[in-house]
Amino acid sequence: MKTKKKTVILVGFILGAVLFTTTALADIVTKSGYDQLKDALKLTAENCSDKFDSFTWELSYAIQDNGKILASENSTEKYDRKKSATESISHSERVNGQKYNSNSFRDRTSIITYSASDQTYYVTEFTQERKPQEVFFTNPFKENRAEDIEKIADALVGSLKDYVVVTEDTDGGKLLSGSLTEVQIPPLVNAVASFYSKQEFTGYGDPNDRRPYITRDIFVKEIKGTASLNKDGILESILGTVVLSGKDEQGEVHSISIEVLGKLTDINATTVSKPDLTGKNIIKNTVKEEKFGPEISNPQKFIGKFKNDILIEKDGKFVKLGERFIEITQMDNQTVAGRYYEEYKQGFEEYAGNKLEFNFDARFDDNNPQQVKFDYTDESGTKKQGNIYFDIYSGKLNLGFESQKMGRTMFDSTFSLVIE
C-alpha cells in the first residue's frame with residue numbers, strides 16, 4: 001500500500017506538470033491558447049462537479065526504467081451525481097510481478113469494497129447519511145490552495161509558452177500538442193523533478209520493490225503532451241509523457257519514463273450500479289461518520305472477562321507475578337460498565353503495594369465509537385482518567401491510564417478474552 005501510494009503521488013505530480021506545461025505550450029502567437037486550456041480544465045472540473053448528471057473518467061499510467069516496467073495501472077471511475085454514487089475498478093501490476101485488482105462502490109449510505117484475494121465484500125454502512133460532496137467528485141479549483149498552485153505552475157512554465165501546435169477540428173474541437181527536449185527544460189523544472197524523483201526512487205522498503213535508487217545527475221530529458229477539447233471546450237482526453245534521467249549510487253544511468261493517459265467519456269450516459277450481495281461472503285460494520293471509524297455491531301459480544309499477565313524481568317528472564325483483569329458487565333452502543341482489578345500469585349505479595357482496583361461507568365467517545373473514557377481513583381487516592389479501546393478486528397481490549405506508574409512491573413495495554 002505504501003509503495004502504491006508513493007507511486008500515485010509521483011504520477012499525480014507528473015500528470016499535473018504535463019497538464020500545466022502542455023497548457024503553457026499552447027501559446028504560439030498570443031496567450032489565448034494558454035488561457036484556453038486553463039479555462040478548459042476549470043470548465044471541465046466545474047461541469048463534472050455541478051452539471052453533468054454522470055460521467056466516466058479513465059486513467060492509465062506506466063512507469064518504466066530502461067524499458068522495464070516498474071509499475072502500471074488502469075482505473076475506471078464512474079460517477080452519478082443525481083444518486084451521489086461512484087464506482088471504481090482498477091488493475092495494477094508491480095515490478096515484482098504482483099497484480100492487484102480493486103472494485104469499490106460508494107454512495108451516501110454505504111461503502112462496498114470487493115477483495116479478490118479472499119472473495120469477500122467488505123461493507124461499511126453509515127447510520128448518518130453523508131453529504132453529496134463527501135461521495136461525489138469535488139472541484140479541485142475551488143479549494144483554497146488552487147490559486148496558489150496555479151501561480152506556482154505559471155512560474156514553472158516560464159518561457160515555455162512558445163512551443164506549441166494548435167489544430168482546430170472541423171467539428172469545432174481543438175487538439176493542443178507540444179514537446180520539449182532537455183535543452184529547453186528550465187533549471188527550476190529540473191530542480192522540482194529531481195526532488196520528487198529522490199522521494200520516489202529510493203530503493204528502500206519492501207525487499208521485493210526493485211525500483212532504482214536514483215541519487216544524482218537527475219534531469220528531465222523530454223516532455224510530450226497532447227490535449228483534446230470538444231466543441232464546448234470540455235477536456236476529453238490528455239496524454240502526457242515525461243522522461244527522466246538519473247544515476248544510481250553505482251553510477252549506472254537510468255532512463256525513467258512516465259506515461260499517463262486520462263479520458264473523460266460517457267457524459268450523461270454513465271450507469272453506476274450497486275453490487276448485488278445476494279449469496280456473497282460479506283463482512284459488515286456500521287459507522288456514524290466516515291472520519292470516526294466503525295461502530296461496534298452487537299456490543300454484547302464484549303461482555304465478559306479479559307486479562308493479561310503482570311511481568312517483571314529478573315535474572316535475565318521474564319517472570320509472571322500475576323494477572324490484570326477487565327470485566328465488562330454491561331455494554332451497548334452508548335455506555336460501558338465494568339471493573340478493573342489485579343491479582344498477584346503467592347510469593348509475590350511485595351509487588352502488590354501498587355495494586356489497582358476500581359469500577360467504571362463510561363460513555364463512548366462522540367469522535368471515536370470504539371473508545372470510552374472514564375474517571376478512576378488510583379492507589380494513592382488521586383483522581384485520574386483512563387480509556388478503553390474495543391478492537392473489533394482482534395476481539396481484544398486496549399487499556400490506557402493517565403500518567404500511570406506501574407512500579408517495578410511491566411505494563412501490557414492489550415487484554416484478551418478469557419474463554420472457558
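Trainee: What makes asparagine 139 count as buried?

Mentor: In this predicted model, asparagine 139 has a relative accessibility of 10%, and since buried means under 20%, asparagine 139 falls in that class. The residue sits in the loop between strand 6 (120-126) and helix 3 (146-157), and, leaving aside residues up to four places away in sequence, it touches Ala45, Glu46 and Ser49.

Trainee: How do you know that the side chain of asparagine 139 meets the backbone nitrogen of phenylalanine 141?

Mentor: A polar atom of the side chain of asparagine 139 lies 2.9 Å from the backbone nitrogen of phenylalanine 141, and the limit for a polar contact is 3.5 Å.

Trainee: Why is asparagine 66 called partly exposed, and what is said of its phi?

Mentor: The relative accessibility of asparagine 66 is 43%, and partly exposed is the class between the buried limit of 20% and the exposed limit of 50%, so asparagine 66 belongs there. Its phi is near 50°, a positive value in a residue other than glycine, and asparagine 66 lies in the loop between strand 1 and strand 2 (68-80).

Trainee: What makes glutamine 119 count as exposed?

Mentor: Exposed means over 50%, and glutamine 119 has a relative accessibility of 57%, so glutamine 119 counts as exposed. Glutamine 119 is placed in the loop between strand 5 (110-115) and strand 6, and its phi is positive, near 50°.

Trainee: Is threonine 335 buried or exposed, and why?

Mentor: Threonine 335 is buried, because its relative accessible area is 17% and the limit is under 20%. Threonine 335 belongs to strand 16 (residues 335-344), and its side chain makes a polar contact of 3.5 Å with the side chain of glutamine 330. Beyond four places in sequence, threonine 335 touches Gln330, Ala362, Arg363 and Phe364.

Trainee: Why are the buried residues of helix 4 said to line one face?

Mentor: The buried residues of helix 4 are Val189, Asn190, Ala193, Ser194, Ser197 and Glu200. Seen down the helix axis, these buried residues fall within an arc of 135°, so they line one face of helix 4. An α-helix has 3.6 residues a turn, so residues three or four places apart point the same way. Helix 4 (residues 187-200) has 14 residues and reaches 20 Å from its first C-alpha to its last, close to the 20 Å expected.

Trainee: Where in the chain is confidence lowest, and where is it highest?

Mentor: Confidence is lowest in helix 1 (residues 2-25), at a mean of 44, and highest in strand 21 (residues 414-417), at 94. Over residues 1-32, pLDDT stays under 50, although the model has 75 contacts beyond four places in sequence for them. The mean pLDDT of the chain is 81, and 83% of its residues reach 70 or more.

Note on methods. Residues numbered from 1 in each chain as written. Predicted model: local features only at pLDDT ≥ 70, side-chain atom pairs only at ≥ 80, totals over all residues. Heavy atoms only, no water. Helix = DSSP H or I, 4+ residues; strand = E, 2+ residues; numbered from the N terminus. Buried < 20%, exposed > 50% of the residue type's maximum accessible area, 1.4 Å probe, protein only. Polar contact = N/O pair within 3.5 Å; in protein donor to acceptor, adjacent residues only side chain to side chain. Contact = heavy atoms within 4.5 Å. Expected span 1.5 Å × (residues − 1). Arc of directions from axis to C-beta. pLDDT = per-residue confidence, 0-100.
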